[in-house]
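Take a moment with the sequence and the 3D view, and then read on.

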Amino acid sequence: MNDNIFTNLYNKVLGFFRQTDKEENAKDIACNRLRVVLMQDRTNLTPELMERMRKELIELLSKYVEMDKEALELNLEQDGDQMALMLSIPVLRARNEEEIEAELAAEDAEKEEVLEAAEDSDDEPDENQTEAETENEDTDESEDNKAVDIKVPDKEETSSQEEEKTKK
Amino acid sequence: MQTCIKPEPSVLDEKDKKGETMSGRVIVITSGKGGVGKTTTNANIGTALAKAGKKVVMIDTDLGLRNLDLLLGLENRIVYTIVDVVEERCKLKQALVKDKKNPNLCLLAAAQTRDKTAVTEEQLKNICEELKKDFDFILVDCPAGIEQGFQNAVAGASEAIVVTTPEMSAVRDADRIIGLLEAKEEIKSYKLLINRVRPNLIKSNDMMSVEDVVEILSAPLIGIIPEDTGIITSTNKGEPIVNDEKSLAGKAYKNVAKRIMGEDVPFLNLEEDTGVMAKVKKFFSGLIGKEK
């Protein structure tokens, strides 16, 4: 019991001297704020652009791995003299070959469609019409992408949900 | 009018005696943010280098807002300015104002009545080239900001000292300046000078430490200057603080000058004792309000 009293006292005394270190102090706040603002100054990347980059990366990487999108972290950090773009992705499950191939095949097909549409528009003299068409296709495509984004965690299960969404 | 138009032969004609030309180092002193102590740094490093026997010329490029003359106490001696030189109303050597005490130290003053466009980058480069022949060190005092005045000041220099303080805005601006300096091919090296350091505030974690600033800017350090009320009185008297043997800031500036000359001088220890006893002392001195 004596031991306890002494360790308690010891900790209290130490705590008294360490008090200032524990709270977040003005110096740490300044350092952290500066680091963030300097990263923005140095790269010209606004928070909006960083968010967009994050989304695009998720889109790209989802083709190959299943990941926890909420937990994906994308940060600029300073590593000595060098700036580093740090991407941390918690992987839930590696996709199997078939899934990846299917995904890539779908993407290739999409690309071809776009290309064909572009070629078509070159061939056809009626410009107004084709422009309208390609615009439509563009918007369709982006919607598709968003859908892909949502359903990635488990493709088969969510396909029905996705249908519901599109209905709404 | 008191004038000092003609520099001492001992300063400018040394090359004739030696039979060879000198090649001085051109160092620009810059900061981005105003009020962090560029001009004070310039006056003190210049004076310290001159006291160490080097031939030094300071160029004030802050056209329209000149102050280096005041800090050196030379405001009444200026006859010609840098604008008179580039507009060929006088020779370069005529425009150099010699220091009151130290014949090794000269000032090329800025024009007070003109703006930053009165001198071009090319003209400043030429002036620096010309002065290199006669002086060991050419210190260029840069105006605040990153506009033409900065571009001009940097044009002739091959080294830079970036002055900052442990404050967010000063550090941010210093970072910007470092970025611009890195993009300049002529600037071969730049060093950081952290001014107005307050050990007590750093100690209580209320101010960023020198280490924090160095880490954030990742630039090599050439000097740490403590906050010193003596700077105010020295400015008022027109007498750089390096002339005050007792001043800690003066000592720190002298050390910077030594480092510029290639000496390996350790940084002054501005921090107090960090043992438990010091903490206890601080606690009690805080209670009776006599903390120092």
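Why is helix α8 (residues 148-155) of chain B largely enclosed by the rest of the structure? The reason is that 6 of its 8 residues are buried, where buried means 20 or more other C-beta atoms, placed from the backbone, within 10 Å of a residue's own. Those residues of α8(B) are B:Gly149, B:Phe150, B:Asn152, B:Ala153, B:Val154 and B:Ala155. Their cover includes β1 (25-30), α7 (121-132) and β5 (137-141) of chain B.

A word on the source: this is a predicted model, in which local features need pLDDT of at least 70 and side-chain atom pairs count only at pLDDT 80 or more, while totals for chains, interfaces and linings use all residues. Residues are numbered from 1 along each chain as its sequence is written, and chains are lettered from A and ligands numbered from 1 in the order in which they are written. Helices (H or I, at least four residues) and strands (E, at least two) are DSSP runs, numbered from the N terminus.

Next, look at α3 (residues 38-51) and α13 (residues 248-260) of chain B: their axes, lines fitted to C-alpha atoms over the stretch in contact, come within 8 Å and cross at roughly 65 degrees. The residues in contact (C-beta atoms, placed from the backbone, within 7 Å) are tabulated here.

| Helix | Contact residues |
|---|---|
| α3(B) | B:Asn44, B:Ile45, B:Ala48, B:Leu49 |
| α13(B) | B:Tyr253, B:Lys254, B:Val256, B:Ala257, B:Ile260 |

Finally, the contact between the chains takes 16 residues from chain A and 15 residues from chain B. On the chain A side, α2(A) gives the most, with 11 residues.

Technical notes
Two residues are in contact if their C-beta atoms, placed from the backbone, lie within 7 Å. A residue is buried if 20 or more other C-beta atoms lie within 10 Å of its own, exposed if 12 or fewer, and partly exposed in between; C-beta atoms are placed from the backbone. Axes are lines fitted to C-alpha atoms, for helices over the stretch in contact, and angles run from 0 to 180 degrees between N-to-C directions.
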